[in-house]
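Trainee: Before we look at individual residues, could you take me through how such a model is read, from the whole chain down to single side chains?

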Amino acid sequence: MQVYQGLPLLTAQPTPQERGDIPHYLFDYVGLRDDYSVGRWQNDAKEALATLAAQGRPAIIAGGTGLYFKALTEGLVDIPDIDPEIRAQIREDMGVKGAAELHRQLSACDPDLAARLPLGDRQRIARGLEVYAMTGRPLSQWQNEPTRPVLTQAAVQLCLQPDRQWLYARCDLRFDEMISAGVMREVEKALQAGRPTGSAGKILGLEELRAVLEHRMEMQDAVSQAKMMTRRYAKRQMTWFRNQMMSWNCYSEQEYYNNSDKIVQFISKNS
């Protein structure tokens, strides 16, 4: 979510002080109403890596969204771009007919994918229908195509796994710090140009703070709900790491601090 413009506080983008003299890429460059996907990010990351390689500089790829790491280390299926008219029609159908009806349609054209998706997963239901309408092939078939990783050179894969209760407390503290830093003014300004669409609409805390600005929710309730949603997201991240990154060099918080010098030496040696 840190790719989006206009919400640096809400998406916890690195501050100028935190960036210092180190060049940062793929932050704050996508409009809040632009279509954006992991596929586009993969291409953008590929260009940034090529730029750094040409300069002879190492790259540090940091974040918490496992699918984006997977796009680099394993690759993505090369599905054709979706015609904007097809996408718009399916999104309109989702709003008019509802997720249950579109899930039924998906079951008819891509039963394997539909069986994996709950009714509430509106985005992936729509994606499955878009791909079928565009290509005539089920998305589940596309997903079985071979892929090529972007990261073909050696890379140190490091996964830090802090204590869950510490992480939850940090999520709560971070949101309180955003409020103190003036995130409400930031959200209000961003919404003046229109409601964010696509994946930008899922920025954590955005919907709750918008409800406060529109007098549909009290501030205390909005903060409480936003914190809960953030903790749930952090839990899903940790589940992904445990299940999808078993081959990475994984360290608990205590292990990292007890062995930080060795870990830094390991990274330096293998980079």
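**Reading the chain, from charges to cores**

Mentor: Let us begin with charge: the mean positions of the 33 positive and 34 negative charges of the chain are 3 Å apart, where Lys and Arg count as positive and Asp and Glu as negative, while His and the chain ends are not counted, and where the place of a charge is taken as NZ of Lys, CZ of Arg, CG of Asp or CD of Glu. This is a predicted model, in which local features need pLDDT of at least 70 and side-chain atom pairs count only at pLDDT 80 or more, whereas totals for chains, interfaces and linings use all residues. Residues are numbered from 1 along each chain as its sequence is written, and side-chain values use heavy atoms, with hydrogens and water left out.

Trainee: Which secondary-structure elements are in the chain, and how many helices and strands are there?

Mentor: Elements are read as DSSP runs, helices being H or I of at least four residues and strands E of at least two, numbered from the N terminus; here the chain has 14 helices and two strands. The radius of gyration of the chain is 20 Å, close to the 18 Å that the globule rule gives for 271 residues, so the chain is as compact as a globular protein of that length; the radius is taken over C-alpha atoms, and the rule is 2.2 Å times the number of residues to the power 0.38. Along its principal axes, the C-alpha trace spans about 55 × 50 × 35 Å.

Trainee: What share of the 271 residues is buried, and how much accessible surface does the chain have?

Mentor: A residue is called buried under 20% relative accessible area, exposed over 50% and partly exposed in between, with a 1.4 Å probe and protein chains only; by this reading, 33% of the 271 residues are buried. The accessible surface of the chain, by the Shrake-Rupley method with a 1.4 Å probe, comes to about 16,900 Å², of which 50% belongs to carbon and sulfur atoms.

Trainee: What part of the contacts joins residues 24 or more positions apart?

Mentor: Contact means heavy atoms within 4.5 Å, and among the contacts in the chain with a separation of 6 or more, residues 24 or more positions apart account for 70%.

Trainee: Which residues touch the most other members of the largest nonpolar core?

Mentor: A nonpolar core is a set of buried Ala, Val, Leu, Ile, Met, Phe, Trp, Tyr and Cys residues joined through side-chain atoms within 4.5 Å. The largest has 28 residues, of which Tyr4, Leu7, Leu10 and Val187 touch the most other members. Two or more residues come from each of helix H2 (38-55), helix H9 (164-180), helix H10 (183-191), helix H11 (206-213) and helix H12 (219-244), and H10 gives the most, with five residues. Apart from this core lies another, of 17 residues, among them Ala99, Cys109, Leu117 and Val131.

Trainee: Where does Leu7 lie, and is Leu7 buried or exposed?

Mentor: Leu7 lies in the segment before H1 and is buried, with a relative accessible area of 0%. Leaving aside neighbours within four places in sequence, Leu7 is in contact with residues including Leu32, Val187, Ile203 and Leu206. Leu10, with sequence neighbours up to four places away likewise not counted, touches Phe175, Met178, Val187 and Leu209, among others.

Trainee: What does Glu130 touch, and is Glu130 buried or exposed?

Mentor: Glu130 lies in helix H7 (residues 122-135) and is buried, with a relative accessible area of 0%. Not counting residues up to four places away in sequence, Glu130 touches Ile82, Ile86, Arg87, Ile90 and Arg91. His103, in helix H5 (residues 99-109), is also buried, with a relative accessible area of 14%.

Trainee: Which residues of helix H3 are buried, and what covers them?

Mentor: In helix H3 (residues 66-73), the buried residues are Gly66, Phe69, Ala71 and Leu72, and their cover includes H2 and H12. After H3 comes Gly75, whose phi is positive, near 95 degrees.

Trainee: Which residue other than glycine has a positive phi near 55 degrees?

Mentor: That is Ala12, with phi near 55 degrees; Ala12 lies in the segment before helix H1 (16-19) and is partly exposed, with a relative accessible area of 27%. Leu26, found in the loop between H1 and H2, also has a positive phi, near 65 degrees.
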